[in-house]
Amino acid sequence: MVEAMAEALGFLDLSDGESSKTTEGTPMDIGRIIMTHPWLLGGMLAVGGAALEGVGLICQKKAQYQLMGDNLCAEDPKPSWRQVLQCPIWWAGLVLYLLYGPVNMMAMKYAPETTVMPLTSVLILLNAFLSFAVLYERFTRRDITASMVCMFGGTVMNTAMSQTIPGHLEDFPVDQVIALSDDIFRNPGFAAYIVTWVVLFVICFYVISVVPSQNMAKPFAVPLMVGLLRALFHFMSKIMVTILMRSKDPEVWNDPNTAKVIVFTSILYVLTVYAMSEGNLQLSARFFVPAMFVASQVLTVTQDLLFFRSWELMSNTDIAVFVIATIVTLAGVAFISPDQRVISSPNQSGLNTPLLSPRANALRLHYNILTIMDEYRIRKPSAPDPAPLKVIDVNMPIGNFWRSFPIIICVTFIAIPTVLWYVGATFYSFAFLTCFSMYQGWKMGAHIGLFAFVGTKKIAHFENADFEAVYRAEMKDPTWKRRGGPKWEEVFHFVCLPNYKEDTEVMRLAIKSICASGIAKKQICLVLAMEAREENVKEKAEGLLDEFRSQFWHVEATYHPPGLPGETPGKSANTRWAANCLFDQVFPQQRVDPATAVITIADADSEFHAEYFAALSYYFIHAGGESGVTPDRYITIWQPPILHLKNYLKQPAVVRVASFMTSQHELANLSDPNAMRVPYSTYSISATLAQAVKGWDPDWISEDWHMALKCFFSTGGRLKISPIFFPILNYAPEGESFISTIEARWVQAKRHALGFSEIVYMHDHFPRVLRQVEGKKNKMVFCWRFFFLWVKLLMIHVFMAVFVVFAPLNGLLIGYFAHNQKSAALSINSWTFLVNCVFQGISFVSFLGVFLGAVLMFESVKPRVDGAMTAGILWNSRFLHYISSVPQCAFYFPIFCFFGGLAEWIAALKTARTHKFDYAVALKPKLDKQDEIVAPA
């Protein structure tokens with residue numbers, strides 16, 4: 001019965017009597033499966049057509065922004081059509097957009113229109129990402145929410161329609177079309193629609209031509225007019241294609257209506273393309289594309305409902321769902337701001353123009369940077385009566401109940417699809433893997449590629465910033481003075497470098513980067529957090545302090561004694577000791593108020609940007625809050641991008657894969673304003689918050705994650721992680737030989753994987769803290785934030801642990817479907833299989849995009865990479881760098897995944913026993929032995 005229904009809907013072709021087995025192609029031939037299953041092919045074409053349209057419109061808009069340069073305010077004049085037509089990228093966008101029509105028509109040849117139309121709504125999603133990443137258009141949370149409402153509303157609206165079957169173009173009722181042409185009013189519903197269409201078109205034309213641009217109706221009239229033209233063209237093109245499909249029939253060409261249909265459709269096509277290009281030129285892509293799409297979708301569906309009277313085949317529930325979805329979708333457009341909020345390209349920013357000083361017109365030149373900061377809601381006025389910081393005490397030992405959770409969750413993830421396949425529930429096993437593929441394709445694929453690219457642009461914007469100049473310019477404005485907060489001179493920085501047996505030259509380079517700050521001599525204290533168990537440690541510390549004493553406001557060395565009860569030797573225990581020395585000794589001696597002090601914890605090989613600490617002061621000053629609320633400066637951890645690229649040119653390819661994957665993953669999360677973030681490696685925290693939570697816990701190995709979780713629980717979920725886009729470069733592990741370098745990276749990978757134990761800490765403290773959070777609303781917010789933080793930390797480890805199994809298992813299932821087409825036909829012709837194929841494609845494209853992002857990331861910090869400026873052409877040419885990296889990294893990527901997964905399984909097993917681990921220090925370069933670092937050609 002199921003097969004009969006599927007055949008009736010056109011999802012299956014069970015007419016041939018051939019064997020269900022097929023030996024053609026290979027088991028992994030996804031392309032062959034798609035080509036031999038029409039519904040799946042139609043779905044893939046629909047997604048591909050939407051992608052072509054989205055990329056084409058983005059290219060056209062990019063051409064406009066390139067021509068406008070830094071003059072991207074709403075009142076700035078738009079480029080003329082003559083200028084636009086001279087831009088090659090605009091023509092490339094036009095070609096891509098023109099390809100959308102034929103591809104979409106092919107999609108409807110193979111799949112029902114009620115399949116194709118919902119899939120085209122991915123245009124809104126793609127446009128949102130590309131508008132943000134490529135065009136630098138700014139989105140508010142309301143814009144994002146409204147865009148998602150439009151996409152899902154359009155999907156629901158189409159799925160509520162009565163089902164059509166593939167091949168309906170061949171069966172399109174031409175006789176009805178001809179009759180309709182002769183006497184259109186015989187179809188009263190469609191005639192009423194045409195009258196309404198004409199009225200709306202006239203109104204839109206009047207608003208666009210006559211109404212002033214300041215009128216709020218004008219931005220909505222433009223996409224509505226495009227939608228009107230696009231919907232009518234969609235309808236007429238189906239008629240024209242049907243006629244052309246029957247072109248061999250002489251009666252078709254003898255009918256005078258044939259020529260009229262072709263000419264009218266061609267004119268509509270030209271008008272639609274022109275209106276689309278003009279609308280794209282006048283409005284931001286953030287608003288225009290979803291508004292145009294929604295208008296055309298609603299009108300297209302309404303046309304088909306009235307012409308075919310398909311509403312008669314819909315149930316009352318379907319009609320109600322259709323009406324509600326249509327209203328919600330149209331309302332969603334109204335909540336997307338039509339305002340043009342754009343950040344210019346870093347290359348066109350006035351701040352990056354060598355002839356202009358950042359102090360000349362600081363606020364104007366830093367406009368893009370301040371706009372980026374406002375995305376994260378960083379700048380807030382300080383109320384005169386803020387609430388003091390109150391924390392929940394979480395300084396108690398954890399129990400043993402949750403210790404086995406990491407290994408249980410890893411085994412469970414592997415067991416679910418394996419057991420389902422073993423018991424014969426193959427499709428359900430595949431559905432589980434598809435859900436994983438969706439996470440893989442988005443979070444570990446497209447998200448990294450897109451937002452790491454955004455991150456490199458934000459880094460470029462920040463490169464020449466002068467935050468003290470911005471602060472001084474703001475203080476000349478009385479309104480800024482009234483915003484309150486500490487004064488610039490009152491903020492002091494304590495930079496703590498925990499280290500053990502670190503190479504002296506490596507530490508010297510880190511210290512030099514800190515003293516390069518313009519505020520080092522007045523506001524920075526260098527703290528060398530040494531381990532007393534290191535041989536000749538005092539001589540080493542005193543030598544460095546004597547060398548740099550004159551370049552800092554203050555210098556200090558602390559010596560962490562070994563064997564303290566309850567401690568595990570490592571960075572966390574050392575940091576705790578150094579912080580306590582600051583709180584108990586240095587602050588009182590230097591008369592430092594913890595309320596205006598910031599502590600930065602850095603790896604000993606960290607190379608800071610010269611402007612980082614000035615930016616940190618600015619961020620700290622502006623992190624205010626409302627009356628009766630704790631200021632953000634006391635519940636925030638500031639995080640710069642961490643790039644493991646200092647010795648990038650000397651890293652073996654497999655280490656290089658790990659370096660740029662890790663760096664881009666962290667950069668992507670920082671550059672996404674809505675991402676859940678955690679500190680990593682080097683970060684800054686207010687002394688008030690660090691002291692309130694009683695410092696770092698000395699028995700946890702991942703001091704960065706653990707301190708964030710401790711602060712998260714202590715503040716009842718109020719903790720914020722704020723990015724500062726001045727990247728810190730450090731060294732990847734490096735030994736004396738290739739083998740020793742690989743071994744050193746393996747040691748580091750196993751240590752990083754032990755962060756899996758933090759899940760145990762989260763589970764143990766969650767119910768305890770929840771009981772102490774006051775108020776139902778605060779409890780709900782705490783649970784909401786905890787959930788996303790938990791998912792983030794869990795999936796970082798679980799993904800690496802299971803990916804090496806899930807990837808080949810997904811391929812085996814696809815191979816199973818390919819060789820058992822008769823029994824698996826329902827599985828192949830399903831939304832699940834379509835989604836799996838789409839996200840496998842996204843993963844592949846993202847895989848290539850991540851390599852491109854690695855090249856761009858390298859270029860953004862190239863002058864700071866050891867030996868990069870004297871390297872050969874392979875590293876100086878982006879193209880050669882990319883094409884040489886792809887095959888190397890593609891070869892080593894499975895090895896990276898295998899050993900990364902193995903490290904996670906080892907960590908999960910160790911966590912089942914304890915959370916106290918030995919801190920294994922990975923080998924770093926011995927720069928003392930090198931006179932000069934020269935990169936290989």
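1. Two strands are taken to pair if DSSP finds at least two bridges between them. In this predicted model, strand β7 (residues 636-639) and β10 are joined by four bridges and run parallel. Within that pairing, P723 of β10 is the bridge partner of Q639.

2. The β7 and β10 strands belong to an open sheet of seven strands, ordered β4-β3-β2-β5-β9-β7-β10, with mixed pairing. At its edges stand β4 (554-560) and β10 (720-723), each of which pairs on one side only. Direction ignored, neighbouring strands of the sheet are turned against each other by 25 degrees on average.

3. Two helices that pack on this sheet deserve mention. Helix α25 (residues 571-590) touches β2 (492-498), β3 (524-531), β4 and β5 (597-601). The direction of α25 makes about 135 degrees with that of β4. Helix α29 (residues 703-714) touches β5, β7 and β9 (683-686), and its direction makes about 30 degrees with that of β9.

4. The structure holds 24 salt bridges. One of them joins the side chains of E53 and R230, with an N to O distance of 2.4 Å. Because E53 lies in helix α3 (residues 38-68) and R230 in helix α11 (residues 218-245), the pair ties together parts that are 177 residues apart in sequence. Both partners count as buried: E53 has a relative accessible area of 1%, and R230 has one of 9%.

5. A further salt bridge links the side chains of K540 and E534, at 3.1 Å from N to O. Here, too, K540 and E534 are both buried.

6. R768 and D764 form a salt bridge whose closest N and O atoms are 3.3 Å apart. Both residues lie in helix α31 (residues 758-772), separated by four residues, or about one turn of the helix. Their exposure classes should be read against the 20% limit for burial: R768, at 21% relative accessibility, is partly exposed, whereas D764, at 13%, is buried.

7. Salt bridges also link E607, K646, R864 and D866 in a network.

8. As regards cysteines, the criterion for a disulfide is a pair of cysteine sulfur atoms within 2.5 Å, and by this rule the count is zero.

Definitions and conventions
Residues numbered from 1 in each chain as written. Predicted model: local features only at pLDDT ≥ 70, side-chain atom pairs only at ≥ 80, totals over all residues. Heavy atoms only, no water. Salt bridge = Lys/Arg side-chain N within 4 Å of Asp/Glu carboxyl O. Buried < 20%, exposed > 50% of the residue type's maximum accessible area, 1.4 Å probe, protein only. Axes fitted to C-alpha atoms, helices over the stretch in contact; angles between N-to-C directions. Contact = heavy atoms within 4.5 Å.
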